[in-house]
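Here is a briefing on one protein model. Please look over the chain before reading the notes.

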Amino acid sequence: LHSFPTRRSSDLIVIGTKNGSDGDLTMTVNVGTSSDETYTKGGENSRTKFCCGPKAINCDNSVEINSGTINAKVYDTGIKATDVTVNGGKITIDAKYDQGIHGVQSLTINDGDIYVSDSYEAFEGVTITMNGGVTSIYSSDDGWNASCSSSGTGTPHIYINGGYHYVNVGSGDTDCLDSNGGMTFTGGVLITEGGSTLDGGDGNYSFTYKGGKLMLFGSGVENAPSGGTQTSGAAGSANTLYTAASNGTVLSAFTTAKSSNNLYYFYNSSVSLTSGGSLSNTTKTINFRWTDNSVLTYYEGGSISGGSALGAASSSGGFPGGGGGRR
C-alpha cells in the first residue's frame with residue numbers, strides 16, 4: 001500500500017501503465033478535514049468551500065491514468081488538470097464539496113471503473129467524452145457538467161460513444177447531464193436518476209442521437225436529442241426493475257435506487273416498457289458500484305416475464321421538460 005500526498009506539476013502526471021491492471025499500484029489519498037477553515041461561495045453555485053482547497057491529484061497540464069487502484073477522500077476536487085484522460089484503473093473518489101474529476105478543458109474516459117461516491121459535481125470539463133469504461137457517480141448538484149466556467153475555452157459538449165454510465169443526482173434544481181453547449185450520443189449505455197435528466201445550454205446547440213441506449217429516470221428532459229426513437233412511460237418506485245424490450249428481447253433492464261416521475265427511453269427502434277417482473281437468460285450484466293459496497297445492476301439480453309406494462313407510447317417529438325439545472 002502506497003500513500004501519496006497531493007501532487008502538482010506544470011508538466012504531465014502519468015499513473016500506471018497502459019494495458020496494466022488494477023493491481024499495478026495502490027494510491028490512497030486523504031487530504032483536508034471537516035474542521036478546516038471554510039467560507040461560503042456565493043452566486044449561482046453557492047456552497048461551502050474549504051479555504052486551503054486541497055486536491056488529491058492536481059496538475060497544471062495533463063493527468064493520464066492507465067492502471068492501478070486509486071482511493072481519494074478530499075474536501076475539494078479529487079482530480080484536476082487542464083486535460084484528464086482515464087484509460088484504465090479502479091478509481092474511487094469522495095469529494096463531497098466539489099468536483100470528483102475536473103478536466104478544465106477536457107475530460108476523456110476510455111476505460112476503467114470510476115466511482116464518485118459523493119460530490120458537488122462529479123465530472124466537469126469544457127468537453128466530456130465517454131468512449132468506454134464503467135462510471136458510477138453521485139452528486140448533490142449536476143452529475144456531468146460541460147462548462148467554461150473554470151477558465152476553459154471553446155464550446156461545451158458532451159459525447160457518449162461507449163461504455164456504461166450511471167448518474168444519480170440530489171433533489172432540487174439539479175441536472176444529471178448539464179451541457180452549456182450540446183450533446184452527441186453515438187453508443188454506450190446511459191442511466192440517470194433524479195433531477196432533470198438532460199439539460200442543454202441556451203442557444204443553437206445540437207443534441208443528436210446516433211446510437212446507444214438511454215434509460216432516463218427523473219423529472220423530465222430539457223433537451224431531447226434528434227434522431228432515434230423516444231419512448232416514455234410512468235415510472236415511480238425505488239428498488240424496482242424496469243425493462244425495455246423489443247419483440248420479446250430485453251434491450252435494457254435496470255433496478256432503480258430511487259423514485260422518479262417518469263422513465264424516458266431512447267433507442268433506434270420502438271420498445272415496450274415493463275415495471276417489475278423477472279428476467280431470464282440475460283447475456284450481459286454490469287454492476288455499478290454504489291453505497292455501502294452494494295451494487296446497482298444493469299442487464300441486457302434474454303426475456304422478461306410478469307410485471308406490469310407501462311402503456312408507453314413512442315414518438316419523435318420532445319420529452320416533457322424538467323426543472324432545469326444550474327450552469
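In which strand does Thr297 lie? Thr297 lies in strand 28, residues 295-300. This is a predicted model, where local features need pLDDT of at least 70, side-chain atom pairs count only at pLDDT 80 or more, and totals for chains, interfaces and linings use all residues. Residues are numbered from 1 along each chain as its sequence is written, and side-chain values use heavy atoms, with hydrogens and water left out.

**Overall build**

- The protein chain has 31 strands and zero helices. Helices (H or I, at least four residues) and strands (E, at least two) are DSSP runs, numbered from the N terminus.
- Of the 327 residues in the protein chain, 54% are buried. Buried means under 20% relative accessible area, exposed over 50%, and partly exposed in between (1.4 Å probe, protein chains only).
- Contact means heavy atoms within 4.5 Å. Among contacts in the protein chain between residues at least 6 apart in sequence, 58% join residues at least 24 apart.

- Thr297 counts as buried, at 15% relative accessibility.
- The side chains of Thr297 and Asn287 make a polar contact of 3.0 Å. A polar contact is a pair of N or O atoms within 3.5 Å; within protein, one must be able to donate a hydrogen and the other to accept it, and residues adjacent in sequence count only if both atoms are side-chain atoms.
- Leaving aside neighbours within four places in sequence, Thr297 is in contact with Ala253, Phe254, Thr255, Thr285, Ile286 and Asn287.
- Thr249 is placed in strand 23. Thr249 counts as partly exposed, at 39% relative accessibility.
- Thr249 and Ser303 are 54 residues apart along the chain, yet their C-alpha atoms are separated by 5.3 Å.
- Not counting residues up to four places away in sequence, Thr249 touches Ala244 and Gly302.

**Nonpolar core**

- The largest nonpolar core holds 73 residues. A nonpolar core is a set of buried Ala, Val, Leu, Ile, Met, Phe, Trp, Tyr and Cys residues joined through side-chain atoms within 4.5 Å.
- Phe123, Trp144, Leu177, Leu190 and Phe288 touch the most other members of that core.
- Beyond four places in sequence, the residues touched by Phe123 include Ile101, Leu107, Ile109, Met130, Ile137 and Trp144.

**Aromatic pairs**

- The whole structure has twelve aromatic pairs. Rings of Phe, Tyr and Trp (its six-membered ring) pair if their centres lie within 6.5 Å; planes under 30 degrees apart count as stacked, over 60 as edge-to-face and the rest as tilted.
- The ring centres of Phe254 and Phe288 are 6.5 Å apart and the planes are at 70°, so this pair is edge-to-face.
- Phe254 lies in strand 23 (residues 249-255) and Phe288 in strand 27 (residues 284-289), so the pair ties together parts that are 34 residues apart in sequence. Phe254 and Phe288 are both buried.
- The rings of Tyr265 and Tyr267 have centres 6.1 Å apart and planes at 40°, so that pair is tilted. Both Tyr265 and Tyr267 are buried.
- One aromatic cluster is formed by Tyr115, Tyr166, Phe217, Tyr242, Phe254, Phe288 and Trp290.

**Lys55**

- Lys55 sits in the loop between strand 5 (47-50) and strand 6 (57-58). At 13% relative accessibility, Lys55 counts as buried.
- The Lys55 side chain makes a polar contact of 3.2 Å with the side chain of Asp76.
- Lys55 and Val74 are 19 residues apart in sequence and 6.3 Å apart in space, C-alpha to C-alpha.

**Positive phi**

- Most residues other than glycine have a negative phi.
- Asn19 has a positive phi of about 65°. Asn19 is in the loop between strand 2 (12-15) and strand 3 (26-31), and is exposed at 83% relative accessible area.
- Asn247 also has a positive phi, near 55°. Asn247 lies in the loop between strand 22 (241-246) and strand 23, and is exposed at 81% relative accessible area.

**Cysteines**

- A search of the whole structure finds zero disulfides (pairs of cysteine sulfur atoms within 2.5 Å).
- Cys59 is buried at 3% relative accessible area, and Cys176 is buried at 0%.
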